[in-house]
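Subject: Structure handover

Hello,

Here is the structure I promised you. Please open it beside this email and follow along.

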Amino acid sequence: MNYQVAVAGGGPVGLWLAAELRRCGITVAVIETRTERDTRSRALTVHPRTIETFASRDVHHPFITEGMPLPGGHFGALDSRLDFRRLSSPFPYTLALPQERTEALLEQQALELGATILRGHEVTGLSEGPDGVRVQIQAPDGPFTMEAAYLVGCDGARSTVRGAAGIDFPGTPSTVLGWLGDVILDAPPAPGHSYFGPAGSLMAVPMPGGLHRIVGITPRDITTTWPGDLTLEELRDKVITMAGTDFGMRDPVWLSRFGNATRLAAQYRNGRVFLAGDAAHQHFPAGGVGMNVGIQDAANLAWKLAATLNDWAPDALLDTYHAERHPVGVTLTETSRAQVALMTAFTPEGLALRSLLSQLITTLPELNDRLAAQVSSLDVTYPPSAPGAQQLTGTRADGLAVDDTSLFALLRADSHLLLDLTSSPDKPLHHLVRPGLRVHTGTPHLLPAHWSGIRAALIRPDGHVAWASAEDHDTTLVDDLTTILTTTHRT
């Protein structure tokens, strides 16, 4: 049984990676331990950058239809919520959508595109050779070996792939235990209800299907001792202590505790093995960012694997996955730790700090915008790798439209997009077309201010700017473009 890419883990990260690879014609198998999807939805929030990523493949509509739009998010459970409506995105909101539905939609896409999904199968080991990886798998009817050119571990914080590849996972153990309950509330609070005080923190988030997610921490939860599984009675007592009522709580669908253990893989790539999602970064689920960052890992890695396997990019391109995504993981873990500090600041001094930061978010719009862009992953910028307009290189191509056509409608998983914004009738850049590169000539429409004067731009399949230039189509422009193409395309 041979595939070009084997993916361990059939959660949202592994499924999006598989779908993207199939859009590029790559054969892929997803190896998933679970025999069916978990109805307990660990992730609930779909952030703006994730919606943009789905929109770039025109598969975002079901998520928007089924999800519950919310105008913002929180940072450290501060009283002043972040206003996402100020973000420069066509989707300036989060979607409350249970992970079970997100997985179902992504699995349907992957299957329709031709991915193989092996449920009830578990990766038990691997061995790497010069031309591929041999993946040992335990199947319901016995063990077997799968051969693949590359293996990607999307198999969670306890990743078997990471351990088998010998990749270190340094970090800090859990010292705080948050808790959650997905329950029916007969007398629910108003949307956006939250409490923070000496007794603890509490948030109630409406979910599709009439459920509410109750999430919180109390001073007693700052502990390294496991108190046992969460019960409905304990949840009710905690909520009454802070809110004075249990909101008519009943019929729990899921009760759980979660810790703040924080770890980051030392390498996102080791030879032919890669890590993405929770296998690469573990952290406290503050702000619901984990699944979203993992999907961005997959978006970054998929086109690079496909470009290499389709032989229009050199193997060195794969090294940029760690170079670009590991710093994002560093920021993710640091930000999560900072939020834990705010979410456990129950002392008078801690409450004063929270009050000050809440006031600043309200009175300083630029602080709101900075934190909102960070939480939503809209601020991710990769290091420039070429000459040109450095203020754009590495950023996501936001708010861009050409000839009344959104950039999302122009992007494809299997190729870079070269935008010729001069509307030159003789199309001087079309001679640069090659495998993995398309050219679109048009007139910019609704051009963001920071794109002013740009004459040409190369957009990666993941929507980030690989190169841009304000020069006319002269020798300098073509020379600069040729330089960046040699790093991402074979010549």
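**The strands around β27**

Leu-419 stands opposite Ala-457 in β27. Before going on, note that this is a predicted model: local features need pLDDT of at least 70, side-chain atom pairs count only at pLDDT 80 or more, and totals for chains, interfaces and linings use all residues. Residues are numbered from 1 along each chain as its sequence is written, and side-chain values use heavy atoms, with hydrogens and water left out.

Helices (H or I, at least four residues) and strands (E, at least two) are DSSP runs, numbered from the N terminus. Two strands pair if DSSP finds at least two bridges between them.

Strand β24 (residues 416-420) pairs with β27 over four bridges, in the antiparallel sense. Four bridges also join β27 to strand β28 (residues 465-469), again antiparallel. There, Ala-457 stands opposite Ala-468. The hairpin of β27 and β28 has five residues between the strands, and Gly-463 takes a positive phi near 85°.

Strand β27 (residues 456-459) is covered on both faces. Ala-456 and Leu-458 are buried on one side, Ala-457 and Ile-459 on the other. Buried means under 20% relative accessible area, exposed over 50%, and partly exposed in between (1.4 Å probe, protein chains only).

**Helix α1 and its neighbour**

Helix α1 covers residues 12-23. Its 12 residues reach 16 Å from first C-alpha to last, close to the 16 Å expected at 1.5 Å a residue. That expected span is 1.5 Å times one less than the number of residues. In α1, 10 of the 12 residues are buried, so the helix is largely enclosed by the rest of the structure. Among them are Trp-16 and Glu-20. Just after α1, Gly-25 takes a positive phi of about 80°.

How do α1 and helix α7 (residues 290-309) cross, and at what angle? Their axes come within 8 Å and cross at roughly 25°. Axes are lines fitted to C-alpha atoms, for helices over the stretch in contact, and angles run from 0 to 180 degrees between N-to-C directions. The two helices are therefore roughly parallel to each other. Angles under 35 degrees count as roughly parallel, over 145 as roughly antiparallel, 65 to 115 as roughly perpendicular and the rest as oblique.

Residues of α1, including Val-13 and Leu-17, meet residues of α7, including Ile-295 and Ala-302. Contact means heavy atoms within 4.5 Å.

Best wishes
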